[in-house]
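Reader: Hi! Could you walk me through this structure?
Author: Happy to, here it comes.

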Amino acid sequence: MKQELSALLQQAVEAAFAAGHLRPTGLPPVELETPKIATHGDFSTNVAMTMAASQKRAPQEIAGIILDHIEDPDHLLSKTEVAGPGFINFFIAREKWYEVLKAVHKKDTAYGTSQVGLGKRIQIEFVSANPTGPLHVGHGRCAAVGDTLAAILKAVGYEVEKEYYVNDSGRQIYTLGRSVFLRYCQLLGNTIDFPADCYQGEYIQDLARMLIDREGERLLDMPEEEAVMICAKFAADEILAGIRQDLETFGVSLDQWFSEQSLYDSGAVEAVIQDLKSQDIIYEHDGALWFRTTDFGDEKDRVVVRANGTTTYFAPDIAYHKDKFERKFDCIINIWGADHHGYVPRISASIQAMGYDKAQCRIVLVQLVNLLRGGKPVAMSTRAGEFVTLKEVVDEVGRDAARFLFLWRHHESPLDFDLELAKQQSNENPVYYVQYVHARISNILRKAAERGYKEIDWHDDFHEILTLPEEIQLIKLMSRYPEVVALSARLMEPHRVPFYLKELAAAFHAYYHDRNKHKVVSDDAKLSAARLYLVSAIRIIIRNGLTLMGVSAPDIM
RNA sequence: GCGCCUGUAGCUCAGCUGGAUAGAGCAACGGACUUCUAAUCCGUAGGUCGCAGGUUCGAAUCCUGCCAGGCGUACCA
């Protein structure tokens, strides 16, 4: 609908140029918007105003000229007008809206998809939590945002690969091994003062117990270094398996698990350091190796290899991003917790230093989650190892509610997640509000089938039947769904999908509720058929939208 | 100190990257269940869009400076 009109409009401007009625200044970007107020039409454009300066004429006058050149052989438009400071308002002919309804049914699960990303490959990396502890709620938000964004990008045609970067190397893994080893020793009767810089959580002791079951006491007889390494390997594997399981339960599946250690094993880390050193991008100072990130906009240079010879986390990350670029994606997306934002200039610098286009790497920062229960903050302290895990949240409120609510905010806004509210079955909880539409319509379809109305097909006489303003309004709302998906892909803002669904759900609930006026299944066979066609289209969109979000669309609630 | 994010109704937040009269939900108040599921709906009320300037036909949106909150600012991850 919008595209068709956009084409008409563009042709009109070109025709005006050709006829010499407007100075051929080159085509301005033609933006069509849906006005907030119904009396301003179905679509409006401000081209006349944006052209005013270059045309050196009044916007109203330009608008008139453009309208004079509009050709509308298919009678898409019922009315046009110049309004206000120079807007052109377009009113779509009522009959044309039924095309939307037909398209929804015809495309079905594909309604909302588009082709803008066709032929392009995107890699999206998210969660990537260290395998030193279970996933917590913050990771859950990143997982929901990343997974949904991936689905949205797929819907607009991109080939998408989802990846998890596993930090299975370095100091934090060593600390993990040491933590487990010390608990292991404690459990076997040794008195040990458990250090503050070790992982404090209860899960460390669980791992130590598992290790005792598996290995007995034999680690006590080994050199400590060796024992710690065994503990580290064991613990990281166990924790990673748990992370995979938690993500699986959460409905998130990754295409690729990329090991940090593999970058060391293949020599990639060493190679990229040597390469950058030979270009004097990495230099030596105070016994350490530094990256000249300040040459690329960072506020200070960063250490890559410490004076003691060990690498910082930055070193493998450089190699990792090089690897990503070498895999020839058109775009790579990193989804990080906002607490990592200080790291952005560094990565950006390293990408530029290696000669890649930094615009091809997009970093999405997801703000933190404040966990509440009944409006009161749930105490969490990572240091003391007291945090609420993603698993606990999903177990308590369910996958659907958790995923929906994690997406219920712009990702750059901090999110209050209330456990009580997430379980509540009321208007306050948008999850059930939206799902309820699907269940209601499913129920209508069941009732209809019982009454013998089994076919959901288009008939041309629906033009004369679905004529109520609120019915046309619903169809107009449905026509916007593909734009919502496309916009949310372009801006990488998945929250637009649940917001749209909420709007569509509200419109449906209102329509449904006036049951004297809008009864779908009635004795009037033609009316029933038409309305079944209408509401089942709504059901399709609700289901498609929820599917993008990884939320189920139940038939009964 | 510097950097990033946020500041919109009493509360929680949208606002289509500059448009016409700023929108939802909750809370408050008043209504609607003989029904295709009330996990719902209808109505009323609620605003100097943090503050002050600037840019232009037009600003919640862009620019500058303040104010407040969060996060970051390591040879930690």
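Reader: Which helix gives the largest share of the surface near RNA strand B?
Author: That is α16, with eight residues; a residue is near if one of its heavy atoms lies within 4 Å of the strand. Helices here are DSSP runs of H or I with at least four residues, and strands are E runs of at least two, numbered from the N terminus. This is a predicted model, where local features need pLDDT of at least 70 and side-chain atom pairs 80 or more, while totals for chains, interfaces and linings use all residues. Residues are numbered from 1 along each chain as written, chains are lettered from A and ligands numbered from 1 in written order, and side-chain values use heavy atoms, without hydrogens and water.

Reader: Nice. How many residues surround RNA strand B, and which are the closest?
Author: There are 65, and the closest are Asn130, Arg306, Tyr313, Asn443 and Arg515.

Reader: What parts of the RNA are within 4 Å of the protein?
Author: Sugar or phosphate accounts for 62% of those atoms, and bases for the rest.

Reader: Which protein atom is 2.8 Å from a base nitrogen?
Author: An N or O atom in the side chain of Asn46. Polar contacts like this are pairs of N or O atoms within 3.5 Å. The backbone of Met557 also has a polar atom 2.9 Å from a base oxygen.

Reader: And what about Lys300?
Author: Its side chain places a polar atom 3.4 Å from a phosphate oxygen of the RNA.

Reader: Switching topic, how many helices and strands does chain A have?
Author: Chain A has 22 helices and 15 strands.

Note on methods: Polar contact = N/O pair within 3.5 Å; in protein donor to acceptor, adjacent residues only side chain to side chain.
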